[in-house]
Amino acid sequence: MPHFSLPSSTGETFHSQDHAPLVVYFYPKDHTAGCTTEGLDFNRLLPQFQAAGYTVVGISRDSVKTHQNFCTKQGFQFQLLSDSDETVCQQFGVMKLKKLYGKEHMGIERSTFVLNQSGQIVHEWRKVKVAGHAEEVLNICLQTK
């Protein structure tokens with residue numbers, strides 16, 4: 001997996017190679033119920049991820065400004081990255097045809113990846129169900145430390 005760089009909710013550019021090992025979770029949209037719950041779960045467990053040596057980031061197609069508002073409103077202590085042109089989404093293969101109210105559109109399939117120090121994917125989850133997911137990711141990180 002090639003390293004990636006994306007604009008961050010901090011206003012700076014996030015370079016994956018500077019933050020490995022890494023937990024990267026892709027989610028559809030800021031300020032939505034499932035994405036808020038998922039972010040809050042990762043935020044709650046963030047000290048444990050950090051103690052295990054991992055950086056946690058969330059990625060969606062939303063703008064940096066929307067990410068900043070989302071982080072402020074929810075109190076997220078980790079960075080959200082803006083992939084507005086879907087470059088990194090394509091690298092990870094998370095763009096999928098989805099149906100909403102009978103209409104089809106391309107969107108992000110909720111997915112999470114654990115990357116080791118070299119940027120290699122060592123574990124992945126696709127079609128993620130939010131409940132209990134952050135805990136499951138943390139358990140894998142603790143095992144692969």
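Start by selecting C35: at 2% relative accessibility it counts as buried (under 20% relative accessible area, 1.4 Å probe, protein chains only). Before moving on, note that this is a predicted model, where local features need pLDDT of at least 70, side-chain atom pairs count only at pLDDT 80 or more, and totals for chains, interfaces and linings use all residues. Residues are numbered from 1 along each chain as its sequence is written, and side-chain values use heavy atoms, with hydrogens and water left out.

Back to C35, which sits in helix 1 (residues 33–51); helices here are DSSP runs of H or I with at least four residues, strands are E runs of at least two, and both are numbered from the N terminus. UniProt, in an unreviewed entry, puts the feature "active site" at C35, though such annotations may be inferred rather than shown by experiment.

Now show what C35 touches: leaving out residues up to four places away in sequence, you get Y27, P28, K29, F70 and R110 (contact means heavy atoms within 4.5 Å).

Next, select helix 4 (residues 133–143) and colour its buried residues: H133, A134, V137, L138, I140 and C141. Why do they end up on the same side of helix 4? Because they cover an arc of only 160° around the axis, taken from the directions from the helix axis to the C-beta atoms.

Notes. Buried means under 20% relative accessible area, exposed over 50%, partly exposed in between (1.4 Å probe, protein chains only).
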